[in-house]
Number of protein chains: 2
Amino acid sequence: MADQVATNITWHEGDVTPEMRKDNMGQQGATLWLTGLSASGKSTVAMALEKMLLARGRHAYCLDGDNIRHGLNKNLGFSAEDRAENIRRIGEVTKLFADSGMISINSFISPYRVDRDNARAVHAESNIPFFEVYVACPLDEAEKRDPKGLYKKARAGEIKGFTGIDDPYEEPESAEIVLNTHEQTVEESALALLKMLEDQGIV
Amino acid sequence: MADQVATNITWHEGDVTPEMRKDNMGQQGATLWLTGLSASGKSTVAMALEKMLLARGRHAYCLDGDNIRHGLNKNLGFSAEDRAENIRRIGEVTKLFADSGMISINSFISPYRVDRDNARAVHAESNIPFFEVYVACPLDEAEKRDPKGLYKKARAGEIKGFTGIDDPYEEPESAEIVLNTHEQTVEESALALLKMLEDQGIV
């Protein structure tokens, strides 16, 4: 309790500023938004990058279907309206994570340009860095991988509205970086993202 | 790039574990859920605690009406259904923050016991520490403060369903800590929370 008085002075000066948070976390909070087809490698690259950042003493967290669809967005289905709301909520949550000083790494197919652009706009309004990462694995390669058998089911008509089969994937037009995950290893992709973060002064 | 190989080894071992995250952040992620009447002092105490934690090199972030109602929950109103959904979403988001290793400090009136208990349950399912903090300022004192003139409007019938006036506040029955903000300073309240976090081995 010896530093009580000093603390008193500190928090009477006002809110925590972005500079104070940057000092506290040792990095600039930011969002990396990985978009691409199912089985393109988004989550694998995201988790590899998370581990690389943690191994370097940086702070990162992944948002993906596993921790969003069964929690925050469990009351959303796959209608056009629900898909848009799904991405809208994720955009708002990852903005909060980035505002807190985290490197927030998102892995969602997010097939529609307008939804991704909205997420970008939410960040711009708050001056929070946003990096759109196009995980550009071609459809034939993603379909060959098909680790969960989803493409097979979509081709058989057992799943409707599947991105790349009977629902469009709108390619990013101004992604900050493109990862050709069919031509490079997971580690190479993750290192490319790490280099981008370093070059941009984020970490 | 000299540590590339070591990184490679690291991320092939599996996902980031809670222990790895605790080491990385230098603290155990947790949620502090401040509940109480409007003008009870929730946000003021929350922000004081956030600053105290940051001044000590810890990592904390506040969720409150300012960054939730205008963003994630801007499509929710004040119907019974929307109020429940408001708190449900906040419970899920603060759980993610706590899972990321942050001390996530929430300030919401959250008047209904069932909604707060649901937020607690979401944390328990994931073994993430959750502290219910009852900011127990009596109604007459909160109404005397009335910094935004909301109680006055509620008494005049200009605001309907206002907690404490014509909508109930259900007091916590098993809060981890009670703050009598009408009898102690903001700093004393924040220090009481800091001591609890230290005693519980969170920071």
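Predicted model: local features only at pLDDT ≥ 70, side-chain atom pairs only at ≥ 80, totals over all residues.
**Helix packing and the two chains**

User: How do the axes of helix α3 and helix α9 of chain A cross?
Analyst: In chain A, helix α3 (residues 42–55) and helix α9 (residues 186–199) cross at roughly 60°, and their axes come within 9 Å. That makes α3(A) oblique to α9(A). The angle classes are roughly parallel under 35 degrees, roughly antiparallel over 145, roughly perpendicular from 65 to 115, and oblique for the rest.

User: What pLDDT does chain A average?
Analyst: Chain A averages 92, and 93% of its residues score at least 70. pLDDT is the predictor's confidence in each residue, from 0 to 100. The model scores ipTM 0.92 and pTM 0.93.

User: Where in chain A does pLDDT stay under 50?
Analyst: Over residues 1–12 of chain A. For that stretch the model has 9 contacts beyond four places in sequence. A contact means that the C-beta atoms of two residues, placed from the backbone, lie within 7 Å.

User: Back to α3(A) and α9(A). Which residues meet?
Analyst: Thr44(A), Val45(A), Ala48(A), Leu49(A) and Met52(A) come from α3(A). They meet Val186(A), Glu187(A), Ser189(A), Ala190(A), Leu193(A) and Leu194(A) in α9(A). By class, this contact has 8 nonpolar, 2 polar and 1 charged residues. Ala, Val, Leu, Ile, Met, Phe, Trp, Tyr, Cys and Pro count as nonpolar, Asp, Glu, Lys and Arg as charged, and the others, Gly among them, as polar.

User: Is the crossing of α3(A) and α9(A) left-handed or right-handed?
Analyst: Right-handed. The near helix is turned clockwise from the far one by less than a right angle in a right-handed crossing, and anticlockwise in a left-handed one.

User: How many helices and strands does chain A have?
Analyst: Chain A has 9 helices and 5 strands. From the N terminus on, the order is α-α-β-α-β-α-α-β-α-β-α-α-β-α. The C-alpha trace of chain A spans about 70 × 35 × 30 Å along its principal axes.

User: At what angle do α5 and α6 of chain A pack?
Analyst: About 25°, with the axes of α5 (residues 80–99) and α6 (residues 113–125) 9 Å apart. So α5(A) is roughly parallel to α6(A). The residues of their contact divide into 5 nonpolar, 3 polar and 4 charged.

User: New topic. How many residues of chain B are in contact with chain A?
Analyst: 30 residues of chain B, in contact with 30 residues of chain A. On the chain B side, α3(B) gives the most, with 7 residues. That side of chain B divides into 15 nonpolar, 9 polar and 6 charged residues.

User: What superposes chain B on chain A?
Analyst: A rotation of 180° with 0.0 Å of shift along its axis, at RMSD 0.0 Å. The two copies are thus related as by a two-fold rotation axis. The same surface serves both: 100% of the contact residues of chain B recur in chain A. The superposition is by least squares on the C-alpha atoms of residues with pLDDT of at least 70 in both copies.

User: How do α5(A) and α4(B) pack?
Analyst: At an angle of about 155°, with their axes 10 Å apart. That makes α5(A) roughly antiparallel to α4(B). Arg89(A), Glu92(A), Val93(A) and Leu96(A) in α5(A) meet Asn67(B), Gly71(B) and Leu72(B) in α4(B).

Technical notes
Residues numbered from 1 in each chain as written. Chains lettered and ligands numbered in written order. Axes fitted to C-alpha atoms, helices over the stretch in contact; angles between N-to-C directions. Helix = DSSP H or I, 4+ residues; strand = E, 2+ residues; numbered from the N terminus.
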